[in-house]
Amino acid sequence: MTDSAGPPETSSAAASSPEAGQFWYYFDDDRWVWSDEVARIHGYCSADAVTPTTELLLEHKHPDHKWRMGELIDSVRRDRAAFSSHHRIIDTRGNDIPVHVIADTILNDARECIGTSGYYIVLSSEGRALRPLPINDERLEVLLTHRRHIEQAKGALQVVYHLDEDQAFDLLTWRSQETNTKVRDLAAVICERMASLTVSSDMRVEFDHLLLTAHEDTDFATRAETRSEEQ
């Protein structure tokens, strides 16, 4: 949760990359604030060049996603909750851009939820990998010495956000840089807290089916290897 009633300073990592940017949304006055990066993702030259509103956000959503996103924003404001979404936007030049939006709640001094803040993260036009984000020299060391937690955290991100392996690692690394937290420490906390997450009964039923029928698809590895060789 974000314990701040106003937008914090944008970090240098986010400022250097238009592939990731911050936003803030305040429930009571239906007010959005964009960083320069989010404005550029939508096709504007800077945050000063646009006044973001809920109506403008929906205008930028892909037609296939506009209704769903309208419902999501309504529920976020009604329930005063954070949200996450994987959808497509159309920028001012007509480009179709897939994005992940992740957010947490904003609390005031009285610990009341007054809004939500988070990040737009741009995927490649193919939707297969995040565009390059700055990677520090620690990446190799972290992979070698803390592989277990990182692999578990990557797996969680892949399942929850429907990412591939590279997307999940870049998202984890980017979040590490945004918070000035080592990747290995961030992954360890994610793994520890995963156990407390609530899994719906419907999801358990679906996974039960997957677990009990996986043996019926024993040629999966062969097919995957064949696809890899063809690429």
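Buried means under 20% relative accessible area, exposed means over 50%, and partly exposed lies in between, judged with a 1.4 Å probe and protein chains only. On helix α6, Arg147, Arg148 and Val159 are exposed. This is a predicted model, where local features need pLDDT of at least 70, side-chain atom pairs count only at pLDDT 80 or more, and totals for chains, interfaces and linings use all residues. Residues are numbered from 1 along each chain as its sequence is written, and side-chain values use heavy atoms, with hydrogens and water left out.

**Helix α6**

- Helices (H or I, at least four residues) and strands (E, at least two) are DSSP runs, numbered from the N terminus.
- Helix α6 covers residues 147–161, which makes 15 residues.
- The expected span of a helix is 1.5 Å times one less than its number of residues.
- For α6 that gives 21 Å, and its end C-alpha atoms are 21 Å apart, so the two agree.
- The buried residues of α6 are Ile150, Ala153, Lys154, Ala156, Leu157 and Tyr161.
- Seen down the axis, these buried residues fall within an arc of 160 degrees, so they line one face of α6. The arc is taken from the directions from the helix axis to the C-beta atoms.
- Arg147, Arg148 and Val159 are exposed on the other side of α6.

**A nonpolar surface patch**

- Val159 also belongs to a nonpolar surface patch, together with Val160, Val199 and Met203.
- The patch has an area of about 350 Å². Accessible areas come from the Shrake-Rupley method with a 1.4 Å probe, and for residues only the protein chains shown count as cover.
- Patches are made of residues with over 30% relative accessible area and no salt bridge; like charges are joined within 9 Å, and nonpolar side chains (Val, Leu, Ile, Met, Phe, Trp, Tyr) within 5 Å.
- A salt bridge is a side-chain nitrogen of Lys or Arg within 4 Å of a carboxyl oxygen of Asp or Glu.
- Met203 sits in helix α9, residues 201–213. Its relative accessibility is 44%, so Met203 counts as partly exposed.

**Positive phi angles**

- Most residues other than glycine have a negative phi.
- His162 lies in the loop between α6 and α7 (165–179).
- His162 is exposed, because its relative accessible area is 64%.
- Asp30 is not a glycine either, yet has a positive phi of about 50 degrees.
- Asp30 lies in the loop between β1 and β2. At 24% relative accessibility, Asp30 is partly exposed.

**Around the β1–β2 loop**

- Asp29 is in the loop between β1 (20–26) and β2 (31–34). With 46% relative accessibility, Asp29 is partly exposed.
- Asp29 and Gly115 are 86 residues apart in sequence, but their C-alpha atoms are 9.9 Å apart in space.
- The side chains of Asp30 and Thr54 make a polar contact of 2.8 Å. A polar contact is a pair of N or O atoms within 3.5 Å; within protein, one must be able to donate a hydrogen and the other to accept it, and residues adjacent in sequence count only if both atoms are side-chain atoms.
- Thr54 is in helix α3, residues 54–60. Its relative accessible area is 11%, so Thr54 is buried.

**His87 in strand β3**

- His87 is in strand β3, residues 84–90.
- At 1% relative accessibility, His87 is buried.
- Its side chain makes a polar contact of 3.1 Å with the side chain of Lys61.
- Another polar contact, of 2.8 Å, joins the side chains of His87 and Ser85.
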